[in-house]
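Biologist: Could you walk me through this structure? I have not worked with it before.

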Amino acid sequence: REGIALGDLEERSKTLADEGKTPMYIALDGRAAAILAVADTVKEDSKPAIAAMKKMGLEVVVSPWTEWVEYIYFRNFEDAVRDRKFKKIAIAAIKRWVLLNDERRIARIFSSVMDTKELSTKELLHLSGEYLSSRCGSEAVLSIGSGIEWMRRPDFAGVISVMPHGCMPGGIVAAMAAKFSDQYHKPWATLTYDGFAETSNL
């Protein structure tokens, strides 16, 4: 980006990119000195499913864990306001502010390598609000919100929701998938897995 040749680091950079990591470079005196690889932490039992989908040529999006944490703070604040518990309002507001402030600070650092903007909790709940109440307390409201945003994007051909066997939020999303497909005229499929490649139904 700054016109600095990568030299011997170029091959390593390609390897990291193939592994799903985002390479960032450190330069000293106008010369590439090191690579910093950035990637989401993926649970071990999710890796076979992700690898299988990537092998099929699919783009895999793993929701950040902070999405759920922010939703919890959002709900705590809503409940405190409804119940008029002013101490809880203050605590929930401070916790949410700290989380969002940290997220924004990190996002600024990596803005040059981020190819998309993640929706806020409020935006996700607005998208899913037509189908589920934001107060249901389930991850399903976040999954539906994200999925609808992708269904609306012209560069996405459809959505595949992947969930562990017996996942209740995933079951809620799966039950509504046909409705979303009909509404947006794109496929919204659901796959389940148990964390083992040999018994995965991918």
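**The nonpolar core**

Modeller: The largest nonpolar core has 22 residues, and those with the most contacts inside it are Tyr131, Ile144, Ile148, Phe180 and Trp188. Such a core is a set of buried Ala, Val, Leu, Ile, Met, Phe, Trp, Tyr and Cys residues joined through side-chain atoms within 4.5 Å. Buried means under 20% relative accessible area, exposed over 50%, and partly exposed in between (1.4 Å probe, protein chains only).

Biologist: Which elements give two or more residues to this core?

Modeller: They are helix H3 (65–83), helix H5 (121–128), helix H6 (140–152) and helix H7 (168–184). H6 gives the most, with 7 residues. Helices (H or I, at least four residues) and strands (E, at least two) are DSSP runs, numbered from the N terminus.

Biologist: Before we go on, what kind of model is this?

Modeller: It is a predicted model, in which local features need pLDDT of at least 70 and side-chain atom pairs count only at pLDDT 80 or more, while totals for chains, interfaces and linings use all residues. Residues are numbered from 1 along each chain as its sequence is written, and side-chain values use heavy atoms, with hydrogens and water left out.

Biologist: Changing topic, which residues of H2 are buried?

Modeller: The buried residues of H2 are Ala49, Ile50 and Met53. Seen down the helix axis, they fall within an arc of 100 degrees (taken from the directions from the axis to the C-beta atoms), so they line one face of H2. Their cover includes strand S3 (159–164) and strand S4 (188–193).

Biologist: What follows H2?

Modeller: Gly57 follows H2, and its phi is positive, near 85 degrees. Leu58 is found in the loop between helix H2 (47–55) and H3. Leu58 counts as partly exposed because its relative accessibility is 34%.

Biologist: Which residues other than glycine have a positive phi?

Modeller: Arg84, at about 55 degrees, and His185, at about 60 degrees, are examples. Arg84 lies in the loop between H3 and helix H4 (86–109), and His185 in the loop between H7 and S4.

Key: Contact means heavy atoms within 4.5 Å.
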